[in-house]
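Have the model open in your viewer, with the selection panel to hand. We will go from stop to stop, picking residues and looking at what surrounds them.

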Amino acid sequence: MKYYNYDIVFQEIPDEVSLAVNITNCPNHCEECHSKHLWDDIGAPLTEESLDALTAKYKNLITCVCLMGGDGDANTVANLLRHVQQHSKLKTAWYSGRTAVPERLDCFNYLKLGPYIPQKGGLKSKNTNQRLYKVANNQLEDITARFWRDEEIKG
């Protein structure tokens, strides 16, 4: 598994400051994908060691590690996030374009499922097919509505 880049983000996981790592070689090829460069097998290997280096670098800034993609190798995603849980107090999240719930939920605190469908919109759309779940005790709590706003701020 390889990653292209990463960033510190505030909107992907509610109430968390996340290190979002963009995984390459995406098999989903969603229509109107905003990151088509991630379809290619490019980037640096994402290993326990490289992930440890990233989390150590930002340990005082982040509360969560979020892998963005990796749908072609769900076992490696699970193993890497389990490693994060075992070696830090950081929460873990996976943004996946898959529709099926993974067999192993114990390595996730958050799980986003569903491909991007332009007509339905992303997580901010009330019509979205995508769902963000909070995971606790192998149970999924749908928290997608946390992204929805009834009114736009007028100013």
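## The main core

Start by selecting Val-21, Leu-46, Val-65, Leu-67, Leu-81, Trp-94 and Phe-108: of the 26 residues in the largest nonpolar core, these touch the most other members. A nonpolar core here is a set of buried Ala, Val, Leu, Ile, Met, Phe, Trp, Tyr and Cys residues joined through side-chain atoms within 4.5 Å. Buried means under 20% relative accessible area, exposed means over 50%, and partly exposed lies in between, with a 1.4 Å probe and protein chains only.

Now colour the elements that supply this core: strand S2 (18–23), H1, strand S4 (64–68), H2, strand S6 (110–113) and strand S7 (131–136) each give at least two residues. H2 provides the largest share, 6 residues. Helices (H or I, at least four residues) and strands (E, at least two) are DSSP runs, numbered from the N terminus.

Before you go on, keep in mind that this is a predicted model, in which local features need pLDDT of at least 70 and side-chain atom pairs count only at pLDDT 80 or more, while totals for chains, interfaces and linings use all residues. Residues are numbered from 1 along each chain as its sequence is written, and side-chain values use heavy atoms, with hydrogens and water left out.

Next, centre on Leu-67. Not counting residues up to four places away in sequence, Leu-67 touches Val-21, Ile-23, Leu-46, Val-77, Leu-80, Leu-81, Ala-93, Trp-94 and Tyr-95. Contact means heavy atoms within 4.5 Å. Then select Tyr-110, Leu-123, Ile-143 and Phe-147, which are included in a second, separate core of 13 residues.

## Two helices packed together

Show H1 and H2 as cartoons. Two packed helices are described by the angle between their axes and the distance between the axes. Helix H1 (residues 48–57) packs on helix H2 (residues 74–87) at an angle of about 45°, and their axes are 10 Å apart. The axes are lines fitted to C-alpha atoms, for helices over the stretch in contact, and angles run from 0 to 180 degrees between N-to-C directions.

H1 and H2 are therefore oblique to each other; angles under 35 degrees count as roughly parallel, over 145 as roughly antiparallel, 65 to 115 as roughly perpendicular and the rest as oblique. Which hand does the crossing of H1 and H2 have? The crossing is right-handed: a crossing has this hand if the near helix is turned clockwise from the far one by less than a right angle, and is left-handed if anticlockwise.

## Two leucines to zoom in on

Stay in helix H1 and pick Leu-51. Leu-51 is buried, with a relative accessible area of 1%. Leaving aside neighbours within four places in sequence, Leu-51 is in contact with Val-21, Leu-46, Val-65, Leu-80 and Val-84.

Step to Leu-46, in the loop between S3 and H1. Is Leu-46 buried or exposed? At 4% relative accessible area, Leu-46 is buried. Beyond neighbours within four places in sequence, the contacts of Leu-46 include Met-1, Lys-2 and Tyr-3, as well as Leu-67 and Leu-80.

## Side by side in one loop

Select Glu-12 and Ile-13, both of which sit in the loop between S1 and S2. Glu-12 counts as partly exposed at 23% relative accessibility, whereas Ile-13 is buried at 1%.

## Two asparagines with positive phi

Finish with Asn-25, in the loop between S2 and strand S3 (44–45). Its phi is near 65°, a positive value in a residue other than glycine, and Asn-25 is partly exposed at 43%. Then pick Asn-137, in the loop between S7 and strand S8 (139–142). Phi of Asn-137 is near 55°, also positive, and Asn-137 is exposed, with a relative accessible area of 75%.
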